[in-house]
Amino acid sequence: MNQREQEIRSIFESLSNGTDKFQHGYAPVYASLPANISSIFEIGVDKGYSLLAWTQIFPNAIVHGIDTDPKVTGEMINHPHLSFEVGDVRTYETNMLYDVIIDDCLHDLDTISVAWYRFRNKFRVAYIIEDVRPEIMYQIYELLTTTNPDAQIIFWKTSNYKGDV
């Protein structure tokens, strides 16, 4: 494990009461991104702890998130690089172009597909779909490679969290 990955792992672990990024073992995935990421859009923020993690991992980034029922409180509310709002992936509109888009919403084929079709032209560096279940991996792979033949697809498998892929 390199130093960047260890730093990210530590951030995820420190926030593990509010985000499952540590339990899912995502540190290597996010350590593979350039450190100079300047903008992140996360779909599905729940309590907002992952938004806070992004501000620590990518300190120069402006981080924005949506959720149909965000439960964001505390230091996330007034953080200068962080914003969030109530929004549904099926209807949310943005003119922004983000370095990274993270799909961490309902984890079902329908929602992942809608998010991809709506936001696939809104990222520059990476579009990350978290928590893809094994039974829909092939359909997700087909969706991404059919609509973006140059897509580089990585399915991340962890062994320390039930039902995780």
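**View 1. D46 sits in the loop between β1 (39-43) and α4.** Helices here are DSSP runs of H or I with at least four residues, strands are runs of E with at least two, and both are numbered from the N terminus. This is a predicted model, so local features need pLDDT of at least 70, side-chain atom pairs count only at pLDDT 80 or more, and totals for chains, interfaces and linings use all residues. Residues are numbered from 1 along each chain as its sequence is written, and side-chain values use heavy atoms, with hydrogens and water left out. What is the phi of D46? Phi is near 50°, a positive value in a residue other than glycine. Most residues other than glycine have a negative phi. D46 is partly exposed, with a relative accessible area of 32%; buried means under 20% relative accessible area, exposed means over 50%, and partly exposed is in between (1.4 Å probe, protein chains only).

**View 2. D131 is found in the loop between β5 and α6 (137-147).** Here is another positive phi to look at: about 60° for D131, although D131 is not a glycine. Is D131 buried or exposed? With 11% relative accessibility, D131 counts as buried.

**View 3. The largest nonpolar core has 27 residues.** A nonpolar core is a set of buried Ala, Val, Leu, Ile, Met, Phe, Trp, Tyr and Cys residues joined through side-chain atoms within 4.5 Å. Which of its members touch the most others? Look for F12, Y30, I40, W54, I57 and F58. At least two residues of this core come from each of α1 (3-14), α3 (27-31), α4 (49-57), β4 (98-103) and β5 (123-129). Helix α4 gives the most, with 5 residues. Zooming in on I40, its partners are W54, F58, A61, I62, V63, H64, Y98, V100 and I102, leaving aside residues up to four places away in sequence; contact means heavy atoms within 4.5 Å. There is also a second, separate core of 20 residues, which includes V89, Y98, A115 and Y127.

**View 4. Helix α4 is mostly covered.** How many of its 9 residues are buried? The count is 7 of 9, namely S50, L51, L52, A53, W54, T55 and I57. Q56 also lies in helix α4, but Q56 is partly exposed, with a relative accessible area of 37%. Q56 touches I11 and L15, not counting residues up to four places away in sequence. Going from Q56 to Y30 takes 26 residues along the sequence, and their C-alpha atoms are 12 Å apart in space.

**View 5. Helix α1 meets helix α4.** Two packed helices are described by the angle between their axes and the distance between the axes. For α1 and α4, the axes come within 10 Å and cross at roughly 150°. That makes α1 roughly antiparallel to α4. Axes are lines fitted to C-alpha atoms, for helices over the stretch in contact, with angles running from 0 to 180 degrees between N-to-C directions. Angles under 35 degrees count as roughly parallel, over 145 as roughly antiparallel, 65 to 115 as roughly perpendicular and the rest as oblique. The crossing of α1 past α4 is right-handed, meaning that the near helix is turned clockwise from the far one by less than a right angle. On the α1 side you'll find R4, I8, I11 and F12, and on the α4 side A53, W54, Q56 and I57. By class, the residues of this contact divide into 6 nonpolar, 1 polar and 1 charged. Ala, Val, Leu, Ile, Met, Phe, Trp, Tyr, Cys and Pro count as nonpolar, Asp, Glu, Lys and Arg as charged, and the others, Gly among them, as polar.

**View 6. Helix α5 (residues 109-119) meets helix α6.** The axes of α5 and α6 come within 11 Å and cross at roughly 15°. That makes α5 roughly parallel to α6. Helix α5 passes α6 in a right-handed crossing. Which residues of α5 meet α6? They are L109, I112, S113, W116 and Y117, facing Q139, I140, L143, L144 and T147 in α6. The contact has 7 nonpolar, 3 polar and no charged residues.

**View 7. T19 lies in the loop between α1 and α2 (21-24).** T19 counts as buried, at 8% relative accessibility. Setting aside residues up to four places away in sequence, T19 touches Y49 and S50.
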